[in-house]
Amino acid sequence: MFKLYDFLPSGNCYKVRLLLTQLGIPFERIDIDILKGESRTPEFISKNPNGRVPVLETDSGQFLAESNAILFYLSADTDFFPNDVFEKSQVLQWLFFEQYSHEPFIATSRYWISILGKAEEYRESLKQKREPGYAALAVMEKHLTDRNFFVAERYTIADIGLFAYTHVAHEGEFDLSGFPAIQAWIKRVQAQPRHISITQV
């Protein structure tokens, strides 16, 4: 059985938990409280030298870190990852976009505000996150204007990767009211079979 080293509020961890659940794969969830430094202990560092969650442990004792790499691993040969090589590459394109152009602004803002509760302490840094965060949302909005999902008109790990932090963007003080295509897409993702919320285990 897989073991998932997980911090419940984390969108990156949620991606993996959501995919495992939607694939119907049983797993053991091991809570790692990053606020207490539990991802920085020697024991955890032996699993992921980068000291971050999520980490997936396979039944053979191998460890895989980085949420989108785990999504790629789990979705191979499933309906969540296309067979066509160009469509595969499009999925990866959006997962790279999520980690480079989306997560550093939207997820980090949410972490400072809603998880650490330090909005005032990070106020100036948060201001610097606004423009690039909204720019990422604008890219998504334009893409979704005439599409139901991000790649091949089907629900894939590209949607899971982008959904995790987008649907809680308001917790980082990003207003989605001006992004109707994103709002409609969020509802489509939430309507998928075996969907779970970010706080559901």
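Predicted model: local features only at pLDDT ≥ 70, side-chain atom pairs only at ≥ 80, totals over all residues.

Residues are numbered from 1 along each chain as its sequence is written, and side-chain values use heavy atoms, with hydrogens and water left out.

**Entry: Ser10**

I looked up Ser10 and found it in the loop between β1 and α1 (11-23). Helices (H or I, at least four residues) and strands (E, at least two) are DSSP runs, numbered from the N terminus. Leaving aside neighbours within four places in sequence, Ser10 is in contact with Arg17, Tyr165 and Ile198. Is Ser10 buried or exposed? Its relative accessibility is 10%, so I put Ser10 down as buried. For the record, buried means under 20% relative accessible area, exposed over 50%, and partly exposed in between (1.4 Å probe, protein chains only).

**Entry: aromatic rings**

How many aromatic pairs does the structure hold? I read off 13. Rings of Phe, Tyr and Trp (its six-membered ring) pair if their centres lie within 6.5 Å; planes under 30 degrees apart count as stacked, over 60 as edge-to-face and the rest as tilted.

Among the pairs is that of Tyr5 and Phe44, which is edge-to-face at 6.3 Å centre to centre, with 75° between the planes. Tyr5 belongs to strand β1 (residues 2-6) and Phe44 to helix α2 (residues 42-45), so this pair ties together parts that are 39 residues apart in sequence. Tyr5 and Phe44 are both buried.

I then looked at Trp94 and Phe97, whose ring centres are 5.2 Å apart with planes at 80°, so this pair is edge-to-face. Trp94 and Phe97 are three residues apart in helix α4 (residues 85-115), which separates them by about one helical turn. Both are buried. Trp94 and Phe97 also belong to one aromatic cluster with Tyr14, Phe150, Phe163 and Trp185.

**Entry: helix packing**

Two packed helices are described by the angle between their axes and the distance between the axes. Here the axes are lines fitted to C-alpha atoms, for helices over the stretch in contact, and angles run from 0 to 180 degrees between N-to-C directions. Angles under 35 degrees count as roughly parallel, over 145 as roughly antiparallel, 65 to 115 as roughly perpendicular and the rest as oblique.

I took α4 and α6 to begin with: their axes come within 9 Å and cross at roughly 5°, so I noted the two helices as roughly parallel. The residues that meet include Trp94, Phe97 and Ile106 in α4, and Gly161 and Tyr165 in α6.

For α4 and helix α5 (residues 123-144), the axes come within 9 Å and cross at roughly 140°. That makes α4 oblique to α5.

How do the axes of helix α3 (residues 67-75) and helix α6 (residues 157-166) lie? They come within 10 Å and cross at roughly 150°, so α3 and α6 are roughly antiparallel. On the α3 side I listed Asn68, Leu71, Phe72 and Ser75, which meet Ile157, Ile160 and Gly161 in α6.

Ile106 is in helix α4 and, at 1% relative accessibility, counts as buried. Apart from neighbours within four places in sequence, Ile106 is in contact with Gly133, Leu137, Tyr165, Ala169 and Phe174.

Gly172 sits in the loop between α6 and α7 (180-190) and is buried, with a relative accessible area of 0%. Leaving aside neighbours within four places in sequence, Gly172 is in contact with Ser109, Arg110, Ile113 and Arg130.

Most residues other than glycine have a negative phi, and most peptide bonds are trans. The peptide bond from Val53 to Pro54 is cis, with omega near 5°, and Pro54 is in the loop between α2 and β3 (55-57). Glu153 has a positive phi, near 55°, and is partly exposed, with a relative accessible area of 43%. Glu173 also has a positive phi, of about 65°, and is partly exposed at 40%.

Notes:
Contact = heavy atoms within 4.5 Å.
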